[in-house]
Number of protein chains: 2
Amino acid sequence: MIEKAFQDYYPDDFSYCYGCGRLNKDGHQIKSFWDGDEAVCTYIPKPYHIAIPGYVYGGLIASLIDCHSTGTAAAAAYRNADKEMGTDPQFRFLTGSLNVKYLRPTPLGVPLHLRSCVIEIKKRKITVETKLYAEGELTAVGEVIAIQVPEYLIPK
Amino acid sequence: MIEKAFQDYYPDDFSYCYGCGRLNKDGHQIKSFWDGDEAVCTYIPKPYHIAIPGYVYGGLIASLIDCHSTGTAAAAAYRNADKEMGTDPQFRFLTGSLNVKYLRPTPLGVPLHLRSCVIEIKKRKITVETKLYAEGELTAVGEVIAIQVPEYLIPK
């Protein structure tokens, strides 16, 4: 059996996100999974995701950190409530804030590996730290404060 | 005479950026201009730049803030040195850090207006604050610390 990614559990109306929606055919369609207490994601940038030639565009790095982190927040909320992902009530998160530090240029043409851990779960607010690696080197670190979407805003 | 955008002065090798490079045919190709002491940019997201249906993808917002802010940093460095943009030595900036606060959902289908001001110029580090508006409403605020690219790294 193939393991389902966090994003595969999102309700259809939350699946058009350009970063992570399985129904957005133009988007990145990232996939995130648990690896113990951390959440992981691998993404290969397109050849046109250029910053300066040979290096990955910082806006893509921010986008990957954003979507992988909010996905991790959703999965963590289910874990924290001791519930199966995808069950009702739906736990879905939007980005409240996104901070990215670019430590060194990220080479283009290799897979990028993202690794997230949950820093804090506080009512409707989950803080996630995400590290991004290329060729085994840490090139960027992000922190996302993810805010739970009120249930009445989630389409049925 | 049509005013040239900041990005139109970038050397060719710095013009492949997915966010702002005039030579990246797949990218956003944003254009930034002075408006007094502030720098402005208008961008219309594509229909597929979705977060949840009807709203703009946060990763795109981060990307626009990133590129418009580093462009503003470059233009500010020329102003600060009392030089014409595009003259040697080339002042080009990369993102050291990017912080975005999402204040409210940004509606999709309308032009987004970005407005930046320079907070601090400190040797090779310029801090820029950028506000993003949709339909006259402030929906996101970003702060970018832009780091000047050492001259020896700029291709001739």
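Colleague: Across the interface of chain B and chain A, how many residue pairs are in polar contact?

Modeller: This is a predicted model, in which local features need pLDDT of at least 70, side-chain atom pairs count only at pLDDT 80 or more, and totals for chains, interfaces and linings use all residues. Residues are numbered from 1 along each chain as its sequence is written, chains are lettered from A and ligands numbered from 1 in the order in which they are written, and side-chain values use heavy atoms, with hydrogens and water left out. A polar contact is a pair of N or O atoms within 3.5 Å; within protein, one must be able to donate a hydrogen and the other to accept it, and residues adjacent in sequence count only if both atoms are side-chain atoms. With both residues at pLDDT 80 or more, the number of pairs between chain B and chain A is nine.

Colleague: Which element gives the most to the side of chain B that touches chain A?

Modeller: Helices (H or I, at least four residues) and strands (E, at least two) are DSSP runs, numbered from the N terminus. Two elements of chain B give two or more residues to the side that touches chain A: helix H1 (58–80) and E3. With eight residues, the element that gives the most is E3(B).

Colleague: How many residues does the contact take from chain B?

Modeller: Contact means heavy atoms within 4.5 Å. Of the interface residues of chain B, 100% are also interface residues in chain A, so the copies meet through the same surface. Chain A gives 30 residues, and the number from chain B is 30.

Colleague: What rotation superposes chain B on chain A?

Modeller: Copies are superposed by least squares on the C-alpha atoms of residues with pLDDT of at least 70 in both. The shift along the axis is 0.0 Å and the RMSD is 0.0 Å, with a rotation of 180°. The two copies are thus related as by a two-fold rotation axis. Within chain B, the C-alpha closest to that axis, at 2.1 Å, is that of Asn99(B), and the rotation itself is 180°.

Colleague: Which residue in E3(B) is the bridge partner of Lys101(A)?

Modeller: Two strands pair if DSSP finds at least two bridges between them. Strand E3 (residues 93–102) of chain A pairs with E3(B) in the antiparallel sense, over five bridges. There, Lys101(A) has as its partner Ser97(B).

Colleague: Which residue stands opposite Val100(B) in E6(B)?

Modeller: Strand E3 (residues 93–102) of chain B runs antiparallel to strand E6 (residues 137–148) of chain B, joined by nine bridges. E6(B) also pairs with strand E5 (residues 125–134) of chain B, antiparallel over 10 bridges. Opposite Val100(B) is Gly142(B).

Colleague: Which residue meets Asp8(A) in a salt bridge?

Modeller: A salt bridge is a side-chain nitrogen of Lys or Arg within 4 Å of a carboxyl oxygen of Asp or Glu. At 2.8 Å, N to O, the partner of Asp8(A) is Lys31(A).

Colleague: Where does Pro89(A) lie?

Modeller: The peptide bond from Asp88(A) to Pro89(A) is cis, with omega near -5°. Pro89(A) is in the loop between helix H1 (58–80) and E3 of chain A.
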